[in-house]
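Here is a short report on one chain. Look over the sequence and the model before reading on.

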Amino acid sequence: MNEAPPRLHQRVAEHGRALAGVAVDDRSTWSLIGANLLAIAIALLFGMTLRDLMLVYWLQSVIIGLSYFVRMLALRDFSTAGFRSGGREVPETTGGKVSTALFFAFHYGFFHFVYFMFLVAGPAHAGDAPAAHPLAGLLLCGLAFAGHQAYSTAKKIALEREARPNLGTMMFTPYVRILPMHLTIIFGGMLGPSTASWLLFVGLKTIADVVMHVIEQHLTRKSLQEILPGGI
């Protein structure tokens, strides 16, 4: 007698337990939480406004993109199954890898250039004090996120050199990774310049950041477990 397929709530609970296991066991998740908490502490110390924080998180997004660019270039063996560019399948060669990494850098970089202009000149900043940005605070927050990303990137490069990841999946993943974070930034910029809105913004952003990081880690581990004989 065939067993009945699991119901929706059972599947959701199963995936939830898997994600929770990733979050608890993965040191890079705790590193990300620590980086966010450190950035919040620095923001409080330097008296940053919502506008300043939006620039900090924009910088974090740039760092994430840079880490993917480095990971793509560091690939030794990879697949391009299902990945097409200009109507043709991307070759599994060094040239295909480099051209994909450069295209990603241009596209991702242009997106962030436009977004930076929006952050600097957009109407979402109405009500911000006209004082200059605390550059030291911005740099310290950037260093906090860069430290986390360097640790996470080194860990993933080591895993990916033992497997055969898909280059196309790697190129599109960072957009999925940062989308909820950027939506939070956009809506956060619409909040008024008050302590309550500041706390709501950083809280929602941190939650979105950690959740998407955990999902990304889960997908990475799942794909590598399907390739590596003994799992990871």
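## Burial and surface

Of the chain's 232 residues, 41% count as buried. The model is a predicted one. The chain exposes about 12,600 Å². Carbon and sulfur atoms supply 69% of that area.

## Fold and contacts

The chain holds seven helices and two strands. Read from the N terminus, the order of elements is α-α-α-β-β-α-α-α-α.

## Nonpolar cores

The largest nonpolar core has 22 residues. Within this core, Leu53 and Tyr57 touch the most other members. Five elements are listed as giving two or more residues to the core: helix H2 (27-46), helix H3 (50-74), helix H4 (94-121), helix H5 (135-160) and helix H7 (195-225). H3 gives the most, with eight residues. In soluble globular proteins, nonpolar side chains tend to be buried together.

What does Leu53 contact, leaving aside neighbours within four places in sequence? Its partners are Ala43, Met48, Trp198, Phe201 and Val202.

Another core lies apart from the largest one. This other core has 14 residues, among them Phe78, Phe104, Met171 and Ile178.

## Ser67 in helix H3

Helix H3 also contains Ser67. Is Ser67 buried or exposed? Ser67 counts as buried, because its relative accessibility is 6% and the cut-off for buried is under 20%.

The side chain of Ser67 reaches the backbone oxygen of Ile64 at 2.6 Å. Setting aside residues up to four places away in sequence, Ser67 touches Gln149 and Thr153.

## Confidence

The mean pLDDT of the chain is 76. A pLDDT of 70 or more is reached by 70% of the residues.

Two stretches call for care. Over residues 123-127, pLDDT stays under 50. The model gives residues 123-127 eight contacts beyond four places in sequence. Residues 227-232 also have pLDDT below 50. For residues 227-232, the model has nine contacts beyond near neighbours in sequence. Where pLDDT is low, the predicted coordinates should not be read in detail.

Note on methods. Residues are numbered from 1 along each chain as its sequence is written. This is a predicted model: local features need pLDDT of at least 70, side-chain atom pairs count only at pLDDT 80 or more; totals for chains, interfaces and linings use all residues. Side-chain values use heavy atoms; hydrogens and water are left out. A nonpolar core is a set of buried Ala, Val, Leu, Ile, Met, Phe, Trp, Tyr and Cys residues joined through side-chain atoms within 4.5 Å. Buried means under 20% relative accessible area, exposed over 50%, partly exposed in between (1.4 Å probe, protein chains only). Helices (H or I, at least four residues) and strands (E, at least two) are DSSP runs, numbered from the N terminus. Contact means heavy atoms within 4.5 Å. pLDDT is the predictor's confidence in each residue, from 0 to 100. Accessible areas come from the Shrake-Rupley method with a 1.4 Å probe; for residues, only the protein chains shown count as cover. A polar contact is a pair of N or O atoms within 3.5 Å; within protein, one must be able to donate a hydrogen and the other to accept it, and residues adjacent in sequence count only if both atoms are side-chain atoms.
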